[in-house]
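Please open the model in your viewer and keep the selection panel at hand.

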Amino acid sequence: MSTVLHTHQAAPAAATGGPAKSRSAVADAGNRGRWWRFTLILAVTAVVLIPIMVTVALAFTPGANSTATGGFTLENFSTVFEKTLVGTWLQNSLITTLTTVLVSVAVAAPAGYVLSRGRGKLVSGYSLLLFVIQSLPIITSVVPLFILFAGMGLVDNLVGITIIYVGSTMSVATWMMAAYFDSIPISLEEASWIDGCSVFGSFTRVVLRNSLPGILSTAIFSFLLAWNDYLVAVVFLRSNETFTLPMGVQTFFQQNATDWGSVMAVALVMMIPPVLVFAGLNKYFSVGGIGGSLAGQ
Amino acid sequence: MTTTTRSLARARKGVGPGGASGPAGTARKQSTLSRQTGRTFAFLILPSVLLLLLINGYPLIYAGIQALHNGNLLDTGAFVGLDNFSSVLSSEPFWKAARFTLVFTLVGVFGSWLIGLALALVLRTKIPANGLFKVLLLLPWVVPIVVSSTAWNWLTATPTSPVPALFNALGLGTPLFLADPTLAAITVCLFKVWISFPFMMMMISSALASVDNTVYEASSMDGASKWQQFTQITLPLISRSTYISWILMTIFCVNDFPTIYLLTGGGPVDATTSLVVLAYRMVFQNFQTGPGVAIAFLMTMTLVIVSVVLYRQIRKSSTE
Amino acid sequence: MTIKSALSTSAFSRRGFLGVAAAAASVPLLAACGGGSASQGAGGTIKFWDMPWGPPAYSDLAKKLTESYVPTGSLGKASYQTIQWNNFYQTFSSAIASKTGPALSTGGGFQAFQFAEQGQIAYADNVISKLKQNGQYNDFLPGTIESQNTDKGYVAVPWSQGPRVVWYRKSLLDRAGVAVPTDWKSWLEAGKALKGIGVSAFGIGAGAGNVFGNQNLLSMMINNGGGLFNEDGRPDVVTDRNIEAMEFVREMVSLGLIDPGAVSYTLDNLSSQWKDKKIGMGWYAPGLPESTGDTSGDLQVASPLAGPHGDKGTVNYIGSIMMYKNTPSQEGSEAFLLWYLGQLKEFWKQDVVGLLPVQQSIVDLPEFQKNKQNVQIIKEWQSVGKPFGTKSPRLFGSLAAVDGGQALSQFAQTMLGARADAKTALTDLQKGIESVTK
């Protein structure tokens, strides 16, 4: 950790030539800095990923009762795919998670806009209330929610857990959106108001349009919360057919033994969609945002 | 910045579209447009309010009732007033857990922030395979904790595990990372930082994405060093985002159950028992719902106080 | 709200990021999935919830058996549901509180007593008297059915048992040049020899979620004629016999015969230590060879060891099937339970369960007799096994808060980490148990 910071401070110093330096010297220094940073980040990434490599290695290691010879096998995967409903679990996870993401963002973005732009006792009171609600640990709400939902037939059912996921992501999602909207200058909206846009119109057409990185961060947060949850799922989901992937993983934990090969194989399956999502969305993060509109002000 | 602040100040005074004037909430006649703003705001926030009441209101009230009773999960039990709170506050394990929660939270928040910030800054620059690193570095946050805790256990638990073996090879003895109370506390904190830094990195990256590169170019022209740019441009620009990410990470750390529970179970001998782990054990292992929920409420109250302080900071940072 | 969502949805999908359109299209699917769940049983169906007591084949067989049940007359059929161990108490409580719970279930060791005290259990007295009528009562091994009795009746019917027994690895004892210990004294001597070859003499672990730590220490106390409770069912931990037993454990810790890392070992750490031949001896549940995957015959059960005063003993956990008041028909529950007890032999015939049977007829099965270790456990350990609440004559609900609760796991960690002397640790344990059993 300290190494990272230290070199971060040192690296710019190396890269900074005086303004008087020739162009090529600056470019050279920049290039050297670039490879320096590359090596650094490569080292950091390698260390950070060690526990994950362990997971991957275990997923390909033959289990206790395996007939495989050697240290590598795809047996865990074939077992998991042949003997469990991992495909259904994956589908359930995708449906719940994507719905959660969609609804959370759709609810949190407008609310976050109000928290960002609105002022007054009501708004800050609501902001605090969101906070209080979020601060109460989920383990205290699972039982009362179960009793409430059982009455509505929302138990052992994906709709039920999706509603809870939306509820539990909403506070943070709203705050994240508000934080992002704060970085958007209000002058953009003022300009659109002058052009005759309504408040709502300028929110959807001007603010949202410029909030892609913020929306994506919020979406990713909600995605991971819903994707990885098992504290809610373990109480709400019963049947194999309604399990999400984290619940599916639980089925390999028996009383005195755990089938780690299968756990790790399902864990790998679980890691693929978020990784694809991140990889696919990556370029949107580097979009220049609204920087351009600030220029010259 | 100054334009933003001025505009925000104007917005606060209720200046609506079209530049109509008149402070809201006073006896003076409001313009139609600012009334429209109020209505639109109400309309925009309504879904969130409804969800909040539906999903979070009921459990909150339910938990409040449990905290004042001496019951279990199936039976409300007798009303005991604030007895649960006083017995919890006078118990030694509570304060021990509170101390650990504080350490765990401070390390979790600032450790992950520093690493996330450093990585976000490095990844913002042009380096080869930039995008790949961004994705790879998010993995600790992606892996299910039940899996990553096993990996961490496998790396550290026994004297022959890879990390103690490495220490041994370096002549540093054979530390038992999960068996020694101090080392276990350090390991749990590091585990939390490892899980959390990608979130910080993402928050900061997205805040940085809205910062215009020309600001840096201009200041380079003025002869500012990179360090000056960092402290005088970057940090102020992401300050609001930073405060919010601190608040969020504080909640995540204080409320974090699986990280601790799966790696150490709160042991050895309570060395890594945080308040939420203590509350969980009270409710689900000792079947003492009242005191357990009381702990959860005390946690919430503390969090609210901390957050109000931080929230003031946010306000300040946006009005300065 | 709907309008709002629709509006922002359309605004989002126009831009096409995040595959929003695809997600929106999945909403109807989601609703469709909700309807198709299997647990909304038809009226009259007897819901049976079971824990994963063995490999996946166990749950498959239990499900098959349950669904093959053909009720007589107008009684309901039965449905099967596996409940994951993770947070199972929460799962049962919330289901019972919302009247969506099972009619019958297996579960935690003292779950039946606990829910009985909360008024949720249908007592099994009728079933027991029917077992007496048809002669099956005598098929149950001594002490098993009686362990479920309370002042108000039988809270459940036993179906399995899991005494904690001493295992050893023969090849390691041979390598250390020692015979299989028969009492604590020879155990200590053998331990020193095992230490000489770098092997632990008392395999144990008290890390996250590992209950063997406290179960093994309790077995040591019971082995020495001690226990956690007195004859009146009150916590009585600080006794001479318990202190003596724990001082013996402390001696093993200080001599290095117990792994210093044991305090943090999870079940997986412990089981891989057994597998990797790092442990020469120690307490474990039945089925150690199967759960470590080492069925070569090297792992064997020792005969019960004699304590300093010649006592022998261990803790024995009885697994039971309980009936709940919330059932479509009590008669239906009882009929299913009686039938199911007759089917239990299938689990041992097909060798899919890690626990031991409680019926003599199952012990006598050739399939069971094949497993020499299990036969020896029934022969030698079953008779010296004592319930968890010993010396209390009856078990009771708050034992659930003691077994696997905070007080015992903290005690085990204190002992294994050598953080206090035996008496101090036991005094803390007494306080801890008192606070949850008042």
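## Stop one: the domains of chain C

Select chain C and colour it in two parts: domain 1 covers 6-162 + 316-386, and domain 2 covers 165-284 + 405-437. These bounds come from an automatic or database domain assignment. The C-alpha centres of domain 1 and domain 2 of chain C lie 32 Å apart.

A word on what you are viewing: this is a predicted model, in which local features need pLDDT of at least 70 and side-chain atom pairs count only at pLDDT 80 or more, while totals for chains, interfaces and linings use all residues. Residues are numbered from 1 along each chain as its sequence is written, and chains are lettered from A and ligands numbered from 1 in the order in which they are written.

## Stop two: strand 1 of chain C

Now select residues 46-50 of chain C, which form strand 1. Helices (H or I, at least four residues) and strands (E, at least two) are DSSP runs, numbered from the N terminus. Is strand 1 of chain C mostly covered or mostly open? It is mostly covered, with 5 of its 5 residues buried. A residue is buried if 20 or more other C-beta atoms, placed from the backbone, lie within 10 Å of its own, exposed if 12 or fewer, and partly exposed in between.

Show the side chains next. In a regular strand they alternate between the two faces of the sheet. Here C:Ile46, C:Phe48 and C:Asp50 point one way, while C:Lys47 and C:Trp49 point the other way.

Two strands pair if DSSP finds at least two bridges between them. To get from strand 1 to strand 2 of chain C, the chain passes through helix 3 (residues 56-67) in a right-handed β-α-β crossover. Right-handed means that, with the strands pointing away from the viewer, the path from the first strand over the helix to the second runs clockwise.

Strand 3 (residues 104-105) of chain C also pairs with strand 1 of chain C in the parallel sense, over 2 bridges. Centre on C:Trp49: its bridge partner in strand 2 of chain C is C:Gln81, and C:Trp49 stands opposite C:Ser105 in strand 3 of chain C.

Switch to chain B, which has 14 helices and 2 strands. Of its 320 residues, 51% count as buried.

How many residues of chain B are in contact with chain A? There are 90, touching 96 residues of chain A; contact means C-beta atoms, placed from the backbone, within 7 Å. On the chain B side, the largest share, 17 residues, comes from helix 2 (residues 32-67) of chain B. That side divides into 58 nonpolar, 26 polar and 6 charged residues. Ala, Val, Leu, Ile, Met, Phe, Trp, Tyr, Cys and Pro count as nonpolar, Asp, Glu, Lys and Arg as charged, and the others, Gly among them, as polar.

## Last stop: B:Leu178

Select B:Leu178, in the loop between helix 7 (162-169) and helix 8 of chain B. Why does B:Leu178 count as buried? Because B:Leu178 has 31 C-beta neighbours inside 10 Å. Leaving aside neighbours within four places in sequence, its contacts include B:Thr156, B:Ala184, C:Gly207 and C:Ser264. Finally, draw a C-alpha to C-alpha distance from B:Leu178 to B:Val188: they are 10 residues apart in sequence and 8.6 Å apart in space.

Definitions and conventions:
Two residues are in contact if their C-beta atoms, placed from the backbone, lie within 7 Å.
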